[in-house]
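These are my notebook entries from a first look through this structure. I wrote down each thing as I looked it up.

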Amino acid sequence: MIHARGLVQTFHTGRGKQKREVRAVDGVDLDIAEGEVVGFLGPNGAGKTTTLRMLTTLLRPTAGTATVNGYDVVRDAVMVRRSIGYVSQAGGTFSQAQAGDEVVDHGMLYGMSRADATRRGHALFEQLQLDGLWERMPKNMSGGQKRRLDIAMGLVHDPTLVFLDEPTTGLDPQARANLWDHIRRLRTDHGATIFLTTHYLDEADELSDRILIIDNGRIVAADTADNLKSRVSGDLVDLEISNAAQVSTAAAKLAVIAGSVETLDRHVRGRVQHAGRHVPSLLRELTSESIELDSIEIIRPTLDDVFLTITGRSLRDAEATTDNAAETEIENEGVLR
Ligand SMILES: Nc1ncnc2c1ncn2[C@@H]1O[C@H](COP(=O)(O)OP(=O)(O)OP(=O)(O)O)[C@@H](O)[C@H]1O
């Protein structure tokens, strides 16, 4: 479905002495099979959108080759575009038409009859919770509604290969869950192949058969979420010690079963392989020293831990600041999973 070898994209920024070359994508290889849902995960500026723009023919690769649905992205760009659905991060620009007409016109551009495009458009409006908005002008819709309209436009012609660039950014949690359902159904009911970029860990985890992690323009990992997580060394054990004076003794006890131990206020934490097996004996040790706990938590590795293990940075630290409260909230959900 998608095959890429050595994809590179360089941009030139600034003038004169400020002139600089940015290697936004730096030799990406991809092989995505029919029916796969692949999550393309990475911090802001990692190269996700640039890769997607090359695969969807909006940007000509500086070097390397790619085929999408069997068509070369440079030589057969028109055929690539006809055979895919694409929902860009920026969203479409809308004319002065009503929302429903936008979707119908878009379907007709792909060769659908007006009747088919209208039928499919109404079904998508219902599934994406846009009912009642068919006659509304897009400029009078909320940000979340416009986002869902973008998605309806990207899907109206029933593409079997869909590129979604950060589809849920800016959506409230309910709209986001609803879109996740829709993405799952595209796969289960239509056998669609889906390539989606996201910087939400939980989104990649929930939806993807396989996750590709990109950092500084290079793919640094490609595997199922479970396999990626199993690369992280152990579960995180977090002990909250009741008496601050006993923190160092507790840290020494945890160090017996953990690789390295950190303390923060009354918390002592460390990674332990198969924590479930070792924690009972740790608790006995703590009891024998009369160390009481206010809480204990055992946290399975997250995709953020995977990113940290591979790159030495937390995905969240690598992110630029998020620009709205809804995003921050969603981001936090990702952390807590
Ligand atoms: N048109 C351009 N001109 C110059 N630099 C660009 C251009 N487009 C992207 N870049 C740079 O290329 C790098 C990769 O950008 P890209 O948008 O692909 O990242 P991303 O992973 O999609 O990030 P985000 O999650 O923020 O969308 C960044 O350093 C970005 O500043």
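Before listing strand partners, I noted that two strands pair if DSSP finds at least two bridges between them. I also noted at the outset that this is a predicted model.

**Entry 1: strand β13.** I looked up what lies beside β13 and found that strand β11 (residues 235-241) runs antiparallel to β13 and is joined to it by 6 bridges. Within this pairing, glutamate 240 has histidine 267 of β13 as its bridge partner. Strand β12 (residues 261-264) also pairs with β13 in the antiparallel sense, over 4 bridges, and here glutamate 262 stands opposite arginine 269. I then checked the turn: β12 and β13 make a hairpin with 2 residues between them, and aspartate 265 in that turn has a positive phi of about 50 degrees. As for cover, 5 of the 6 residues of β13 (residues 267-272) are buried, and I recorded the strand as mostly covered.

**Entry 2: the whole protein.** Stepping back, I counted 13 helices and 14 strands in the protein, whose C-alpha atoms fill a box of roughly 75 × 50 × 40 Å along the principal axes. Of the 337 residues, 38% are buried. Where contacts join residues at least 6 apart in sequence, 67% of them link residues at least 24 apart. The domain assignment gives domain 1 as 2-84 + 159-229 and domain 2 as 233-299, and the C-alpha centres of these two domains are 40 Å apart.

**Entry 3: the ligand.** Which residues are closest to the ligand? I found 14 residues around the ligand, with Phe11, Ala24, Lys48, Thr49 and Thr50 the closest. β1 (2-13), β2 (20-32) and α1 (48-55) each give at least two residues to this shell, and α1 has the largest share, with 3 residues. Sorted by class, the shell holds 4 nonpolar, 9 polar and 1 charged residues.

**Entry 4: helix α5.** I tested the length of α5 (residues 143-155): at 1.5 Å a residue its 13 residues should span 18 Å, and because the end C-alpha atoms lie 19 Å apart, the two values agree. The buried residues of α5 include Arg147, Arg148, Leu149 and Asp150, and among the elements that cover the buried part of α5 are α3 (99-109), α4 (114-127) and α6 (173-190).

**Entry 5: two loop residues on either side of α5.** Glutamine 129 sits in the loop between α4 and α5, and aspartate 158 sits in the loop between α5 and β7. For glutamine 129 I noted a positive phi, near 55 degrees, in a residue other than glycine; for aspartate 158 phi is also positive and near 55 degrees.

**Entry 6: leucine 315.** Leucine 315 belongs to helix α12 (residues 315-318). The cut-off for a buried residue is 20 or more other C-beta atoms within 10 Å, and leucine 315 is therefore buried, with 27 of them. Leaving aside residues up to four places away in sequence, leucine 315 touches Pro43, Leu201, Asp304 and Phe307.

Terms used
Residues are numbered from 1 along each chain as its sequence is written. This is a predicted model: local features need pLDDT of at least 70, side-chain atom pairs count only at pLDDT 80 or more; totals for chains, interfaces and linings use all residues. A residue is buried if 20 or more other C-beta atoms lie within 10 Å of its own, exposed if 12 or fewer, and partly exposed in between; C-beta atoms are placed from the backbone. Two residues are in contact if their C-beta atoms, placed from the backbone, lie within 7 Å. Domain bounds come from an automatic or database domain assignment. A residue is near a molecule or strand if its C-beta atom, placed from the backbone, lies within 6 Å of it. Ala, Val, Leu, Ile, Met, Phe, Trp, Tyr, Cys and Pro count as nonpolar, Asp, Glu, Lys and Arg as charged, and the others, Gly among them, as polar. The expected span of a helix is 1.5 Å times one less than its number of residues.
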